[in-house]
Every structure is written in structure tokens, then in C-alpha cells.
Amino acid sequence: MGGKQTVRFKWKEGVAFGCDRAEDCLMACKVCPVVFRTSSGAAELLAFRHPTAGKQFVKGSIEGGEAASVAALRELAEESGIIIVSGLCDLGQAPIGAAVWHFFAIKIDSLPDQWAHQTHDDFNHVFAFFWHPLAEDLNGDWHPRYQEALDFIRRSVPQ
């Protein structure tokens with residue numbers, strides 16, 4: 001997995017792992033569409049409480065033949081009900097646990113403070129969405145891999 005230099009649209013230059021589709025990755029590939037907003041002058045990230053797996057950011061697998069950006073849009077719609085067709089900013093890729101996570105960001109200030117969404121692909125679970133402050137570390141309600149993801153997001157988004 002050689003690191004090639006890529007320029008990130010409006011964000012920064014970063015190192016990529018060279019896989020944009022599932023079949024190109026040497027490790028499992030995941031996508032994490034990062035929805036953020038500004039509230040009272042501070043950045044917040046969209047998160048949810050899974051009924052059996054604790055607090056999480058939206059994340060999912062890249063399906064065979066699917067581009068990472070397309071997977072990010074699909075996962076965002078499936079897990080949160082948010083449907084967007086463009087506007088994602090590629091934040092880059094990072095090894096998180098045993099997978100390569102592809103991060104994409106979009107700023108949406110018009111979403112409610114909290115809501116519930118029933119999934120159709122995850123045993124019809126109902127996910128309870130909320131906003132997590134970007135500057136705040138995660139507590140024991142989160143799997144440690146999400147702290148790794150948050151650390152990458154903090155390094156990648158403009159302050």
C-alpha cells in the first residue's frame with residue numbers, strides 16, 4: 001500500500017493508501033461519511049446510538065465495484081435517512097483497526113438536534129441521532145476505533 005500524494009479539495013494535502021474501490025484495497029475497506037455543523041461557534045459531528053452496539057459515527061462497507069464516494073452517500077442514506085447527491089469533501093483514508101476507512105465530509109447546518117431513523121438493512125434497528133462536539137473526546141459508550149476515527153477527523157477538517 002504505497003502512499004501517493006493527493007490534494008484534498010479545500011481541505012489539505014494528505015497521504016492516501018491508493019484504494020478507491022473495494023477490490024483495490026489490501027485490507028477491508030470502510031467509508032465514514034462525516035456530517036458536521038457549527039453550533040454556538042463550535043463544530044459538531046453527527047453520531048448515533050445503535051440499540052445493541054453503543055454510540056457510533058455513520059460507517060459502512062464499500063460494496064464490490066462501488067466507488068468510495070458512492071458508498072459514503074449510500075451508507076449515509078441507509079443509516080441516517082439523509083439523502084444528498086453531491087457536496088462530499090474527500091478527507092482521505094486511514095487505517096482504523098483492521099480496515100482502511102475512507103472519510104468524506106459534508107457540512108449541513110439545517111438538520112435537527114436529534115432524531116430517530118429506522119434502518120432497512122440492519123435488522124430494522126432504530127438509530128437515535130445526536131451531535132457530538134468535535135473537540136470532545138469519546139467516552140466508554142463508544143468502541144475505541146471511533147476515537148481513532150475522531151482523531152483522524154480532527155486532523156483532517158479545517159479549524
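# Colleague's note: salt bridges, cores and rings in a predicted model

1. The side chains of R37 and E44 form a salt bridge, with N and O 2.7 Å apart; the term covers a side-chain nitrogen of Lys or Arg within 4 Å of a carboxyl oxygen of Asp or Glu. R37 counts as buried because its relative accessibility is 7%, and E44 is buried too, with a relative accessible area of 14%. Here buried means under 20% relative accessible area, exposed means over 50%, and partly exposed is in between, using a 1.4 Å probe and protein chains only.

2. Before going further, a word on what we are looking at. This is a predicted model, in which local features need pLDDT of at least 70 and side-chain atom pairs count only at pLDDT 80 or more, while totals for chains, interfaces and linings use all residues. Residues are numbered from 1 along each chain as its sequence is written, and side-chain values use heavy atoms, with hydrogens and water left out.

3. On confidence: pLDDT is the predictor's confidence in each residue, from 0 to 100. The protein averages 84, and 81% of the residues score at least 70. Please take care with residues 1-18, where pLDDT stays under 50. The model has 43 contacts beyond four places in sequence for this stretch, a contact being heavy atoms within 4.5 Å. Where pLDDT is low, the predicted coordinates should not be read in detail.

4. Back to R37, which also forms a salt bridge with D113, the closest N and O atoms being 3.0 Å apart. This pair links distant parts of the chain: R37 is in strand β3 and D113 in the loop between β8 and β9, 76 residues apart. Strands (E, at least two residues) and helices (H or I, at least four) are DSSP runs numbered from the N terminus. At 53% relative accessibility, D113 counts as exposed.

5. The structure holds 11 salt bridges. Another of them joins the side chains of D109 and K107, at 3.7 Å from N to O. D109 is partly exposed, with a relative accessible area of 45%, and K107 is partly exposed as well, at 43% relative accessibility.

6. The largest nonpolar core has 23 residues, and V34, L45, F57, W101, F103, W142 and I153 touch the most other members. Such a core is a set of buried Ala, Val, Leu, Ile, Met, Phe, Trp, Tyr and Cys residues joined through side-chain atoms within 4.5 Å. β3 (28-39), β4 (42-50), β7 (89-96), β8 (99-107) and α2 each supply at least two residues of this core, and α2 gives the most, with 5 residues. A second, separate core of 14 residues includes V35, I108, F127 and W131.

7. Beyond its neighbours within four places in sequence, its contacts include C32, V34, C89, L91, A149, F152 and I153. F103 also belongs to an aromatic cluster together with F57, W101, F130, W142, Y146 and F152.

8. There are 10 aromatic pairs, counted where rings of Phe, Tyr and Trp (its six-membered ring) have centres within 6.5 Å; planes under 30 degrees apart are stacked, over 60 edge-to-face, and the rest tilted. F48 and F129 form a tilted pair, 5.2 Å centre to centre with 40° between the planes. F48 sits in strand β4 and F129 in strand β10, 81 residues apart, and both are buried. The rings of F57 and Y146 have their centres 6.0 Å apart and their planes at 70°, so this pair is edge-to-face. F57 lies in the loop between β5 (54-56) and β6 (60-61), and Y146 in helix α2, 89 residues apart. F57 counts as buried at 3% relative accessibility, as does Y146 at 2%.

9. Finally, two local spots to check on screen. R154, in helix α2 (residues 144-156), is partly exposed at 22% relative accessibility. A polar atom of the R154 side chain lies 3.3 Å from the backbone oxygen of A135, and one lies 3.1 Å from the backbone oxygen of E136. T119 is placed in the loop between β9 (115-118) and β10 (126-133) and counts as buried, at 0% relative accessibility. Not counting residues up to four places away in sequence, T119 touches E78, E79, N124, H125 and F127.

Notes: Polar contact = N/O pair within 3.5 Å; in protein donor to acceptor, adjacent residues only side chain to side chain.
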